Amino acid sequence: MAKTDDASVDDYIAAQPLATRPVLERVRATIRKALPGASEGISYQIPVYKLDGTVVLYFAGFERHYSIYPATPGLIRALHNELSGLLHSKATLRFPLAGAVPTRLITRIAKVRAAEATELARVRAARKARPKKAGPNTTGSKKARPTQAAPNTTGPKKAKSKTGKRPTKKRPK
């Protein structure tokens, strides 16, 4: 994948090698059909699909494959058998460019991720709506908080001699 500064998914796909473009167009069409209410854009220099501001899916084209991100633990649990052999790393699904685009599988991936993203957005909204816990001095009262004593800032104490008295400077004779 070449580094790009594409402004749209159209620009991203147009910048890919000629053989990769039809496959990426098919992946894009499948995701858009599965997520009709999703917004499409570019993030991390690859196409992204979001529902209500929450990321659902990314995809990216490479020389010999294309990838769909993120493969969350919930997605892997839900589609474990279908994803066999496609899970490349912790959160990456890798599909070969050669062969048919698995539109049914991509649709199922998009639907599972949309459900996860919707739930995540609901949890975030509920967390935001909760009243904040009352901490010290958050009730609006002007009660003074107890303070610590100020540290001694006069500097280090001078060492005492063996007699217990502080050494004095010797005056020149």
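## Close-up views of a predicted model

View 1. You can find R124 in helix α4, which covers residues 103-129.

View 2. Three aromatic pairs occur in the structure. In the pair of Y66 and F95, the ring centres are 5.2 Å apart and the planes meet at 10 degrees, so the rings are stacked. This pair links distant parts of the chain, since Y66 sits in strand β4 (residues 65-69) and F95 in strand β6 (residues 92-96), 29 residues apart. Are Y66 and F95 buried or exposed? Both are buried.

**View 3. R28 and its two partners.** The structure has eight salt bridges, and R28 takes part in one with E25, where the closest N and O atoms are 4.0 Å apart. R28 and E25 share helix α2 (residues 21-34), three residues apart, or about one turn of the helix. R28 also forms a salt bridge with E40, with the closest N and O atoms 2.8 Å apart. Here the pair links distant parts of the chain: R28 belongs to helix α2 and E40 to strand β1 (residues 39-43), 12 residues apart. R28 counts as buried because its relative accessibility is 7%, while E40, at 30%, counts as partly exposed.

**View 4. A bridge from helix to loop.** R108 and E82 meet through their side chains in a salt bridge of 2.4 Å, N to O. R108 is in helix α4, and E82 is in the loop between α3 and β5, 26 residues apart.

Terms used
Residues are numbered from 1 along each chain as its sequence is written. This is a predicted model: local features need pLDDT of at least 70, side-chain atom pairs count only at pLDDT 80 or more; totals for chains, interfaces and linings use all residues. Side-chain values use heavy atoms; hydrogens and water are left out. Helices (H or I, at least four residues) and strands (E, at least two) are DSSP runs, numbered from the N terminus. Rings of Phe, Tyr and Trp (its six-membered ring) pair if their centres lie within 6.5 Å; planes under 30 degrees apart count as stacked, over 60 as edge-to-face and the rest as tilted. Buried means under 20% relative accessible area, exposed over 50%, partly exposed in between (1.4 Å probe, protein chains only).
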